[in-house]
Amino acid sequence: MRIIYINIGGSLKENSIYKKIQGQINGFIHNGVDCKGCFLITDVDQVEHYSESIEFIPVQKANRTYFPQLEQQYLFLEALEQLLTKEDFDYVYLRFPFSHPKLLSILKQHPKKIIIECNSNKLAEIKSHFKEEKYTSFISAFLSKLQDKYIPILYYWLFMYRIINEAFLIVGVTLELSELYKTKKTGYLTISNGINISKYPPRKAPTIDSNKVIMLILDGTSTSAPWQGMDRLIKSIQKHQLTEVLEVWTCSNKNKYANYPFIKELGYLEGEQLTKVFDQVHIGSGNFSLYRLGIKDICSLKSREYMARGLPLAYIGNDFDIENTSLKNYAYKMPNEDSIINFPSILTWLSELYEQKPNHPLELHQLSEEHLDFKIKTKQLVDYLNQHA
């Protein structure tokens, strides 16, 4: 069996999505699949290797003055179409990029060959990403809204489910997404996000006391999004008067919290620098306001990295990989709603965990290997394809 894994967009810089895809491809290979990754990006002029199994494929950059984003989407899909005419494959595994009539046309050319992975509620994401900004003129405001909001929403309603109907299989990373995109014509599987456990040895946990607890937040995005909920986090820490006790470290491209002395911005870190950070912090967390997207089920990549490295977790939403396994003993579930987070309760729980489970980094790492590793996740899909070949 030969699978071509395609990701549209991105840059040369490694991020959590790239790590996930590399892990999935390694998982496919481990399970006997001939799998190759193709990343369609605008940052290269010729084919380059990201890794032994993944290539960067060059895509022409948009040069229009008006609607450059829409032009770029079309250019990405043209490159996808050309790629599929050159490659030999049994299945294409496509990380869903955006709804577009060109994508529908491509799927019709390859009936029952394309597997689509859905990672988010696209309609909610479009609405949430849209920003109210100050524009230089009414015309610029209208054109911006047309490109960033109205046309994507129109494309969603006109083409999203028609695209899905042409696919061989939909893979939702949560049950909620599988149900959202389920149709009568297309099969579907729920396979939550995994992680390449071998890349993340268990950390060396620091001691903990009541005077200073450090929370780590990994954030690979370049822009803020409402569902990240940093405003909720800040408000909750201030409400409980914990600004001297709870310190938040963020690993991010953003730099916008200088006015909050209890937030330490580390910049974007990776490799040994990031490993050293994990050895200094006590708990990890991520998005605090997923209710703003209308999301209930989650399986975030950052949560899986925390647990693989042996870091206890505070999270919101329903993560069934955690709640249906022994991983739940190392995670604190916060309400997914517009409320003050009960940080005193979290700190008490965390202190007891460190006292009762001094070997928790190794325990968490081993449990992550049992339940979260890509070898286990990809086997679900390989078994499905073998049964439906």
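Let's start with a pair of charges: Asp-383 and Lys-379 form a salt bridge, with their closest N and O atoms 2.9 Å apart. (A salt bridge here is a side-chain nitrogen of Lys or Arg within 4 Å of a carboxyl oxygen of Asp or Glu.) Both residues sit in helix 13 (residues 374-387), four residues apart, which is about one turn of the helix. Helices (H or I, at least four residues) and strands (E, at least two) are DSSP runs, numbered from the N terminus. Asp-383 has 30% relative accessibility, so it counts as partly exposed. Lys-379 has 40%, so partly exposed is the label there too. As for the cut-offs, buried means under 20% relative accessible area, exposed over 50%, and partly exposed in between (1.4 Å probe, protein chains only).

Before going on, a word about what you're looking at. This is a predicted model, where local features need pLDDT of at least 70 and side-chain atom pairs count only at pLDDT 80 or more, while totals for chains, interfaces and linings use all residues. Residues are numbered from 1 along each chain as its sequence is written, and side-chain values use heavy atoms, with hydrogens and water left out.

**More salt bridges**

How many salt bridges does the rule give? The count comes to 16. Here are three of them:

| Asp-383 | Lys-379 | 2.9 Å |

Asp-321 and Arg-304 are both buried.

**Inside the fold**

In soluble globular proteins, nonpolar side chains tend to be buried together. A nonpolar core is a set of buried Ala, Val, Leu, Ile, Met, Phe, Trp, Tyr and Cys residues joined through side-chain atoms within 4.5 Å. The largest one has 60 residues, and Leu-216, Leu-233, Met-307 and Phe-343 touch the most other members. Helix 11 (residues 343-356) gives the most to this core, with seven residues.

What does Phe-343 touch? Leaving aside neighbours within four places in sequence, its contacts (heavy atoms within 4.5 Å) include Met-215, Leu-233, Ile-237 and His-240. There's also a second, separate core of 40 residues, with Ile-6, Leu-104, Phe-159 and Met-160 among them.

Back in helix 9 you'll find Glu-305. Is Glu-305 buried or exposed? Its relative accessible area is 8%, so Glu-305 is buried. Not counting residues up to four places away in sequence, Glu-305 touches Lys-19, Ile-195, Tyr-200, Leu-218, Leu-274 and Phe-278.

**The whole chain**

Zooming out, the chain has 13 helices and 14 strands. Of its 389 residues, 53% count as buried. Residues 24 or more positions apart account for 67% of the contacts with a separation of 6 or more. Along its principal axes, the C-alpha trace spans about 60 × 55 × 40 Å.
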